Amino acid sequence: FLRLSKLLQAKKNIILQGPPGVGKTFIARKLCYEILGRLLDANIEMVQFHQSYSYEDFIQGLRPTASGGFDVRNGIFHQFCERALKDVEQPFFFIIDEINRGNLSKIFGELMVLIEADKRNEKFALKLTYSDEKFFVPPNVHIIGTMNTADKSLAVIDYALRRRFAFVHLEPHFDDVLKSFLLEKGISEPLAEHIISALLQVNSGIKDDMNLGESFQIGHSYFTTFKKGENEKIWWQNILNFELQPLLEELWFDDAVKVTDMIKILQWQ
């Protein structure tokens, strides 16, 4: 977290990217707490981009009034920057989940320039599309995006925007740290060891497949839902039947034998 926090404070904008289930959103919030030095959710805002998300939602736009007219209203990021300006000694964090699901050029507009680390002051303020107001992004605002690398149907990050972010790739972790976590959750050592061993094998098969690769690996977050007192055999079988098997059938939709082989690896007792 120390390296990540230094990177975010220097660059101001980072994107955490990786396969589904590696804990991108979880790490984003933990990173905010690390820099803040405490749990202060008042300094953190989060949105999720989607195909209908717009500049008007994010920065500023016209909104209908009860009288039948239209008002210029500030979007969520504009409001967040106003909050940050009232307390410039404190860091503020804006998390954008699934950042590549939106039309980024359309959503960011003037922010393409304004989010750059060396343009975070009033000197570089620009007029907004819907008003004569001059706007800039305060230096104490940090933007953290999360990006799923497995879904190739999503928008490619605009190169102009890409230059303004640092990209951090997150990998699934099936190791002693996860084993300790599973044991603390109440999972028996044999099952914890099986999960780690089996998923290492399955992910190796995914990475080695020329049609898939590391972006399609299975993340460790799938295995953090166990509750103490739960029947671990039933818990594992439910994950295998209703989460992992459908996922594997989608990955190898044209290779039923491969799916069967992978399910055999995952079966326990």
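Which residue in E5 does Ile-44 stand opposite? That would be Phe-93. This is a predicted model, where local features need pLDDT of at least 70, side-chain atom pairs count only at pLDDT 80 or more, and totals for chains, interfaces and linings use all residues. Residues are numbered from 1 along each chain as its sequence is written, and side-chain values use heavy atoms, leaving out hydrogens and water.

**The sheet**
- Five strands form an open sheet in the order E2-E5-E8-E1-E9, with parallel pairing (strands are DSSP runs of E, at least two residues, and helices are runs of H or I, at least four, numbered from the N terminus; two strands pair if DSSP finds at least two bridges between them).
- E2 (44–48) and E9 (166–169) sit at the edges with a single partner strand each, so one side of each has no neighbour in the sheet.
- E2 and E5 (residues 92–97) run parallel and are joined by five bridges.

**Helices on the sheet**
- H1 (residues 2–11) lies across E1 (13–18), E5, E8 (141–148) and E9, at about 135 degrees to E1 (angles run from 0 to 180 degrees between N-to-C directions, with axes fitted to C-alpha atoms, for helices over the stretch in contact).
- H4 (residues 76–85) packs on the sheet too, touching E2, E5 and E8 (contact means heavy atoms within 4.5 Å).

**A helix pair**
- The axes of H9 (residues 189–208) and H11 (residues 256–266) come within 9 Å and cross at roughly 160 degrees.
- That makes H9 roughly antiparallel to H11 (angles over 145 degrees count as roughly antiparallel).
- H9 residues in the contact include His-194 and Leu-199, while H11 brings Met-262, Ile-265 and Leu-266.

Key. Angles under 35 degrees count as roughly parallel, over 145 as roughly antiparallel, 65 to 115 as roughly perpendicular and the rest as oblique.
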